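Hello,

Here is the structure I said I would pass on. Please look through it first, then read the notes below with the model open beside them.

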Amino acid sequence: MRKFDIPNKYESSIISEVKQIRKLASGKEHRKDFTPTELDFGPVRFYTARHFGFCFGVENAIETAYRIIAENPNKKIYLLSEMIHNPTVNQDLQDLGIQFIQDTKGNPYISWEKIKSEDIVIIPAFGATREIEELLKTKGIAIEKYDTTCPFVERVWKRSKSLGEKKYTVVIHGKIDHEETRATFSHAAEHGHALVIQNMEETKLLAEVINSEDPDELFEKHFGAMKNRTPGFKASQHLAKVGVVNQTTMLSTETRAIAEFIKDVLASKYVELETKQYFADTRDTLCYATSDNQASLRELLEIKADFAVVVGGYKSANTTHLVELCEEKLPTYFINGADKIIAKNEILHFNRLTKEEISSQFIPQKEKVNVLISSGASCPDAIVEQVIQRILSFFDNTKDIDIVLKNLKDELMTE
Ligand code: SF4
């Protein structure tokens, strides 16, 4: 995997060393090893997920943005929307003079009239809709030079194109108002029909539509109020051949379950046909980083711990999914920085359902405390280290970090 040149302030020497030790110990099995890492400081033990933190697409986008800033000191530089869903990284870019054109839902901060052909517009890792790409081209802006769309998102677009050309309807498992889903939808819509489905509940409604005697009427009843399909989409015609792709940060297990469910529904309907005549296999379009992070978290959750801390931006879909998985098992605190840990007995954390920060009791009074820790794909390791250090500060007689890392190395390298 390529090593990106990202600012040192996002890196953590401790986390980098932990990841390096794990990588060396796993050898060739590196990407298939999802076992957690134990960092035993004595009175407190941290268990980190095997894979967490910046993914390929995020590092690529950050490296490119900083290069563009360095190479163009006299130009106006805009970002289409947030670079990634991390407030620290976005604020750093704004502090360097970058302006965001719109918010994450596509509402404008800056009028398009203000943007001139000599300006630079960076396309974020989520990509852009075809409409925005065309608008920028019409303005004479060289988008290819400043496009940080993740190659794994582009892979979804390419597959959507080929599905559309073969008359499959592209079912996108994603959140309708997420910028990546809007971009994928618009790219897919250029080549055929597309439909956004947010979860298994909606998939079951779609199955009812597929099996209905009057699919158009039932589709209207279930989905009529939503803007989730391409113009001219008719359930009676366009659900006979389907391929499922996703917003790359959704739960990959849910995407797989949705795809299997639709395949089974179509299999019962078209018993006389071969599978490929009604369903396209798209499993290889799932993002490796999302799958690895979620699989690592599932293994982490096998450990009996007092609580979990998940670090990341509150708008980050992939981080929110990690929180969801943790909440099924143990008390979980979703924070975007170490400053949210107010005291040993108080943490200010984000409630993903009410979308508010709330205050809770934090570290229990125990002789030994076990903490699970992970972070989203847009969260710098430096912030995770700050969280670890903040928690450590509440304990006496903790082991020195060098000793903890040496113990980890000795244990893993001699196995
Ligand atoms: S989560 Fe996956 S698709 Fe999204 S930016 Fe990261 S590597 Fe790319």
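**Strands 1 and 2**

Over four bridges, strand 1 pairs with strand 2 (residues 44–48) in the antiparallel sense. Please keep in mind throughout that this is a predicted model. Within this pairing, Glu-38 stands opposite Tyr-47 of strand 2. The two strands form a hairpin with three residues between them, and Gly-42 in that hairpin takes a positive phi near 95°.

Which residues of strand 1 are on the covered face, and which on the uncovered one? Thr-37 and Leu-39 make up the covered face of strand 1, while Glu-38 and Asp-40 make up the uncovered face. Glu-38, the residue opposite Tyr-47, is therefore on the uncovered face of strand 1 by the accessible-area values.

Three strands form an open sheet in the order 4-3-5, and the pairing is parallel. Strand 3 (residues 77–79) runs parallel to strand 5 and is joined to strand 5 by three bridges. Ile-77 has Ile-120 in strand 5 as its bridge partner. In general, the strands of a sheet pair through backbone hydrogen bonds, and the pairing is either parallel or antiparallel.

**Salt bridges**

The count for the model is 23 salt bridges.

In one, the side chains of Arg-22 and Asp-33 meet at 3.0 Å, N to O. Arg-22 belongs to helix 1 (residues 13–26), whereas Asp-33 is in the loop between helix 1 and strand 1 (37–40), so this pair ties together parts that are eleven residues apart in sequence. Are these two residues buried or exposed? Both Arg-22 and Asp-33 are buried.

Another salt bridge is formed by the side chains of Glu-260 and Lys-263, at 3.7 Å, N to O. Both residues lie in helix 10 (residues 252–269), three residues apart, which is about one turn of the helix.

Asp-306 has a relative accessible area of 19%, so Asp-306 falls under the 20% cut-off and is buried. Lys-366, with a relative accessible area of 43%, is partly exposed.

**The ligand**

The ligand takes up the space of the largest cavity. Around the ligand are Cys-55, Gly-57, Cys-150, Phe-152, Val-153, Thr-248, Cys-287 and Thr-290. Sorted by class, this shell holds five nonpolar residues, three polar residues and no charged residues.

Regards

Methods
Residues are numbered from 1 along each chain as its sequence is written. This is a predicted model: local features need pLDDT of at least 70, side-chain atom pairs count only at pLDDT 80 or more; totals for chains, interfaces and linings use all residues. Side-chain values use heavy atoms; hydrogens and water are left out. A salt bridge is a side-chain nitrogen of Lys or Arg within 4 Å of a carboxyl oxygen of Asp or Glu. Buried means under 20% relative accessible area, exposed over 50%, partly exposed in between (1.4 Å probe, protein chains only). Two strands pair if DSSP finds at least two bridges between them. A residue is near a molecule or strand if one of its heavy atoms lies within 4 Å of it. On a 1 Å grid over the protein atoms alone, a cavity is a set of points where a 1.4 Å probe fits but cannot get out, and a pocket is an open set with protein on both sides within 12 Å along at least five of seven lines; lining residues have an atom within 4 Å of a point. A molecule sits in a cavity or pocket if more than half of its atoms lie within 2 Å of its grid points. Ala, Val, Leu, Ile, Met, Phe, Trp, Tyr, Cys and Pro count as nonpolar, Asp, Glu, Lys and Arg as charged, and the others, Gly among them, as polar.
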